[in-house]
Amino acid sequence: MEQFNRNEKQLNFNQIKGVLSEKNDGEKFCNITIKCGHENVREINLVIKKENYDKICGDKQLGDKVNIKFYLSSRRREKGGWYTMANVLTLEKLT
């Protein structure tokens with residue numbers, strides 16, 4: 001796995017496993033959607049910076065079982081409330 005952590009200050013990241021169900025290549029940000037869960041299947045959408053999209057998602061196909069490492073980031077909306085994104089660090093195909 002490629003090293004994405006630039007320092008040793010944070011060693012643990014969030015992870016989730018699921019089936020890749022959607023890939024969207026955008027101008028500034030791209031996103032992927034996975035389906036996870038057993039009895040209650042749910043969809044989870046995660047964001048990838050455009051400059052990292054091909055490197056992270058290039059060889060992954062819809063229907064692949066994957067493990068995703070990600071981090072959350074939030075910012076306040078101008079009209080109140082919060083906007084939270086799940087940002088992909090790595091996308092690993094499982095066998």
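A salt bridge here is a side-chain nitrogen of Lys or Arg within 4 Å of a carboxyl oxygen of Asp or Glu. The structure on screen is a predicted model, in which local features need pLDDT of at least 70 and side-chain atom pairs count only at pLDDT 80 or more, while totals for chains, interfaces and linings use all residues. Residues are numbered from 1 along each chain as its sequence is written, and side-chain values use heavy atoms, with hydrogens and water left out.

Begin by selecting D59 and K60, which form a salt bridge whose closest N and O atoms are 2.8 Å apart. K60 sits in the loop between α1 (50-57) and β4 (65-76), where helices (H or I, at least four residues) and strands (E, at least two) are DSSP runs numbered from the N terminus. With a relative accessible area of 7%, K60 is buried, whereas D59, at 54%, counts as exposed; buried means under 20% relative accessible area, exposed over 50%, and partly exposed in between (1.4 Å probe, protein chains only).

Next, select D64 and K93, whose side chains meet in a salt bridge at 3.8 Å, N to O. D64 lies in the loop between α1 and β4 and K93 in strand β5 (residues 82-93), so this pair ties together parts that are 29 residues apart in sequence. D64 is buried at 10%, and K93 is partly exposed at 48%.

Finally, select D25 and K50, which are joined by a salt bridge of 2.5 Å, N to O.
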